[in-house]
Structures are given as structure tokens and as C-alpha cells.
Amino acid sequence: MVFAGSAVQAQTLASLPVTSNPIASMGAAKPLVAWSKFCDSNPAECSVDVTEPEIVELTPQVWKTITSVNQRVNTSIKAVTDQDHWGVVDIWGFPDDGRGDCEDFQLLKRKILADSGLPRRAMRMTVVIDELGEGHAVLVVRTNRGDYVLDNKHNSVLPWTRTGYVYIKRESQDHVGWVSLGGIATSPTTTANR
């Protein structure tokens with residue numbers, strides 16, 4: 001009977017992604033101006049509730065929710081730069097009109113996941129340098145199995161180590177602000193990117 005229980009548990013764990021190391025933070029970082037403006041208009045989206053867990057327990061159901069939200073938002077929003085959409089270089093917001101750039105996709109994903117019961121504190125907006133050498137925003141979900149990236153460029157949710165990105169900074173889990181991830185000395189001032 002114990003053997004049967006172990007086999008079922010092994011099957012359940014097999015459906016989850018491989019465990020990886022989390023991204024280490026390296027002190028404070030300056031937030032993007034567009035993020036600060038977004039937070040002024042949407043303080044609940046940027047607040048940090050330190051009573052929430054800072055990592056998600058990654059069960060098969062949670063993994064299914066994360067991957068389905070990533071794919072659903074990626075296929076329902078049309079990618080367009082802030083310059084083409086709003087006539088400005090960088091603005092953060094929800095893609096309420098069905099169009100947006102990278103951070104707009106990720107903000108919507110985080111909102112849907114938080115509404116589904118995932119702790120907002122475990123989902124951090126993150127600035128990276130992408131494969132084109134440009135600033136880009138992704139959503140990192142911090143889990144007990146490592147940090148996983150939701151990205152509008154990929155329908156697959158990947159461990160942060162498998163994206164090919166250089167990680168610059170992310171929202172802090174301890175206060176309203178940002179922390180450095182040590183990627184490069186000078187970080188992008190915008191995340192305008194499709």
C-alpha cells in the first residue's frame with residue numbers, strides 16, 4: 001500500500017517542471033519611471049503584503065493555472081509598442097483594449113493569477129535584456145521548485161535559466177521598490193518592446 005502511494009506521488013511530481021535554483025537579488029535598484037507612474041495610478045498592484053507567502057507551492061493544479069494563463073493572455077492580446085499604441089516611449093498599464101507591449105501582458109497575467117488565488121508577493125515584474133539586446137519585461141513566479149518566467153514571447157513557461165535573457169532587476173518582495181539581479185551595471189530606462 002505504501003508503494004502504491006509513492007507511485008502516485010511520483011506521477012504527480014513528474015508532471016511538474018524540473019526544479020531549478022531561484023534568482024538571487026543583490027541589493028536595491030532604481031525602479032523604472034513608467035512603473036512608478038503605474039503604481040501612482042494603481043497602488044494595489046504595487047503594494048507588498050509581507051504576510052503573503054513569498055513563494056508558491058507548485059502543485060500540478062497551480063502549474064496548470066500558470067501555464068494556461070500565460071498562453072491565454074499571449075493569444076488574446078495583440079503586441080504593439082507603446083510608441084505605436086500611445087505615442088510615448090514607455091507606459092505601463094493593462095491591455096484593456098486588447099493591445100499592449102511586454103509589461104502590459106505580464107501585468108494582466110499577474111492580475112488574473114492573483115484573482116485565481118496565487119500570492120501577489122510571489123509574482124514579481126522583472127526587467128531583462130532579451131535576445132535582441134533590448135529591454136523587456138517578464139513576470140517571474142517564485143516557487144518552491146525555482147523561479148519560472150511568464151513571457152509574451154513564449155507560450156511555454158520556462159525556468160529563468162532557460163530563457164537566454166540577462167536579468168537586470170525585479171520588484172522587491174519585501175517593500176514597494178526594486179532589487180538588482182546583477183545582470184549589467186546600467187539597466188534599460190524603458191521596457192518598450194513587443
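Is S20 buried or exposed? Select S20 first: its relative accessibility is 16%, so S20 counts as buried (buried means under 20% relative accessible area, exposed over 50%, partly exposed in between, with a 1.4 Å probe and protein chains only). The model is predicted, so local features need pLDDT of at least 70 and side-chain atom pairs count only at pLDDT 80 or more, while totals for chains, interfaces and linings use all residues. Residues are numbered from 1 along each chain as its sequence is written, and side-chain values use heavy atoms, with hydrogens and water left out.

S20 sits in the loop between helix 1 (2-14) and strand 1 (28-29); helices (H or I, at least four residues) and strands (E, at least two) are DSSP runs, numbered from the N terminus. Beyond its neighbours within four places in sequence, S20 is in contact (heavy atoms within 4.5 Å) with R145, G146, D147, Y148 and P159.

Next, select Y148, which stands opposite P159 in strand 7. Strand 6 (residues 146-151) and strand 7 run antiparallel and are joined by three bridges; two strands pair if DSSP finds at least two bridges between them.

Finish at the largest nonpolar core, which has 35 residues, with I66, W92 and L113 having the most contacts inside it (a nonpolar core is a set of buried Ala, Val, Leu, Ile, Met, Phe, Trp, Tyr and Cys residues joined through side-chain atoms within 4.5 Å).
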